[in-house]
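Student: Can we go through this model together? I'd like quick answers.
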Amino acid sequence: MDDDLLHATLVRVAANVRRLRLERELTQAELSERASVDLRYLQRIEAAKVHAGVGYVAALAAALGVEPGELFALVEPAVRPHGRPPKG
């Protein structure tokens with residue numbers, strides 16, 4: 001497999017898992033528990049550091065309430081400020 005295509009796919013899956021998790025207002029710990037995926041492994045998936053196998057993709061999709069293919073979908077990234085919101 002082409003390294004650029006592999007990297008793009010990892011980044012796409014990572015972004016979709018994170019986006020869907022945040023849309024559902026879940027923490028990484030909550031999603032890892034719902035999907036029976038180790039928290040550190042989920043963190044590495046969201047950071048595009050690991051190649052998640054089919055079982056992990058299926059478990060995460062089920063926990064997020066979507067079809068597995070949605071984790072591979074090309075979507076426009078949400079604009080979100082970095083860091084915590086200011087206190088006030």
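Student: Is valine 54 buried or exposed?
Tutor: Valine 54 is exposed, at 71% relative accessible area. Exposed means over 50%, buried under 20%, and partly exposed in between, with a 1.4 Å probe and protein chains only.

Student: What kind of model is this, and how are residues numbered?
Tutor: The model is predicted: local features need pLDDT of at least 70, side-chain atom pairs count only at pLDDT 80 or more, and totals for chains, interfaces and linings use all residues. Numbering starts from 1 along each chain as its sequence is written, and side-chain values use heavy atoms, leaving out hydrogens and water.

Student: Where does valine 54 lie?
Tutor: In helix H4, residues 54-64. Helices are DSSP runs (H or I, at least four residues), numbered from the N terminus.

Student: How far is valine 54 from proline 68 in space?
Tutor: 8.8 Å, C-alpha to C-alpha. In sequence, valine 54 and proline 68 are 14 residues apart.

Student: New topic. Is glutamate 46 buried or exposed?
Tutor: Glutamate 46 is buried, with 12% relative accessible area. Glutamate 46 sits in helix H3.

Student: Which side chains make polar contacts with glutamate 46?
Tutor: Arginine 21 at 2.6 Å, and glutamine 28 at 2.9 Å. A polar contact is a pair of N or O atoms within 3.5 Å; within protein, one must be able to donate a hydrogen and the other to accept it, and residues adjacent in sequence count only if both atoms are side-chain atoms.

Student: Which residues of H1 meet H3?
Tutor: Ala14, Val17, Arg18 and Arg21 in H1 meet Leu42, Ile45 and Glu46 in H3. Contact means heavy atoms within 4.5 Å.

Conventions
Helix = DSSP H or I, 4+ residues; strand = E, 2+ residues; numbered from the N terminus.
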